[in-house]
Amino acid sequence: ETHARGYIRRLSANWQAPPAQDNPRLAHLRGRVRTEEDNIPPREARDQAIARHTGTVIHMVFDALTQQPLPADTEHYCRTQAPRWRLLLQQHGVGHDRVDDALARVQRAIRATLGSTVGRWVLAQHPQAASEAGYITGRGGAFRQHIIDRTFVADGRRWIIDYKSSEPTDAQRPESFAEQLIAEYREQLERYRSLFEHDPLPVTMALYCPFLPEEDQLLEIPTR
């Protein structure tokens, strides 16, 4: 069929597009093959979601505190920052009916940390310090991101610290709760430790738990 600017060839009625050809040379660039199931979040009870969002905001406040001199007046700091923390909680999905309780929990964590010698030491300025430090490792074409809450050098050691905002139940002894946390997060901290396998300094892994008594707030995880 003739067109004003040239020729048009019509395809036959039974024409089909040829199947797509895979290029094996690109396989190593793709990383892990993801499916639609990766986009489906697990179901989460509302209380669990609120606890998670509250923990996220506590992490954010800790990160902000490491970027500045620690406040001398904890009550003044909590009072002046409360509106901002409330907004952060709401932005993360905490509803109006639960935001007061979540804010009180954030304030309790910050008071416990700034009122603790251990907590202030964790957030203080140290050599080679970093907060929310991101690292990426690759193996077999798959890539993994690692976010370390707090790391620094002190006392001749490299410290790797993960914040935990959970707390024991009324019926649970702090000692058994600490053992549970160490067992649950040891593998995660060991993974972080492997990022510093070439560090000349010894590496100490620890969990910082603001809701435990001060003498138990920093839980060191012994190496295997």
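Strand β5 is mostly covered in this predicted model, with six of its seven residues buried (under 20% relative accessible area, with a 1.4 Å probe and protein chains only; exposed is over 50%, partly exposed in between). Strands are DSSP runs of E with at least two residues, helices are runs of H or I with at least four, and both are numbered from the N terminus. Residues are numbered from 1 along each chain as its sequence is written. Local features need pLDDT of at least 70, side-chain atom pairs count only at pLDDT 80 or more, totals for chains, interfaces and linings use all residues, and side-chain values use heavy atoms, without hydrogens and water.

Strand β5 (residues 157-163) pairs with β4 (residues 142-154) in the antiparallel sense over five bridges; pairing requires at least two DSSP bridges between two strands. Val153 stands opposite Arg158 in β5, and Thr151 stands opposite Ile160 in β5. The hairpin of β4 and β5 has two residues between the strands, and Asp155 there takes a positive phi near 55°. Strands β5 and β6 run parallel and are joined by six bridges, with Trp159 opposite Thr204 in β6.

Five strands form an open sheet of mixed pairing, in the order β3-β4-β5-β6-β7. The edges are β3 (130-139) and β7 (218-221); each has a single partner strand, so one side of each is left without a neighbour in the sheet.

Helix α6 (residues 174-194) packs on the sheet and touches β4, β5, β6 (203-208) and β7, contact being heavy atoms within 4.5 Å. The direction of α6 makes about 135° with that of β6; axes are lines fitted to C-alpha atoms, for helices over the stretch in contact, and angles run from 0 to 180 degrees between N-to-C directions.
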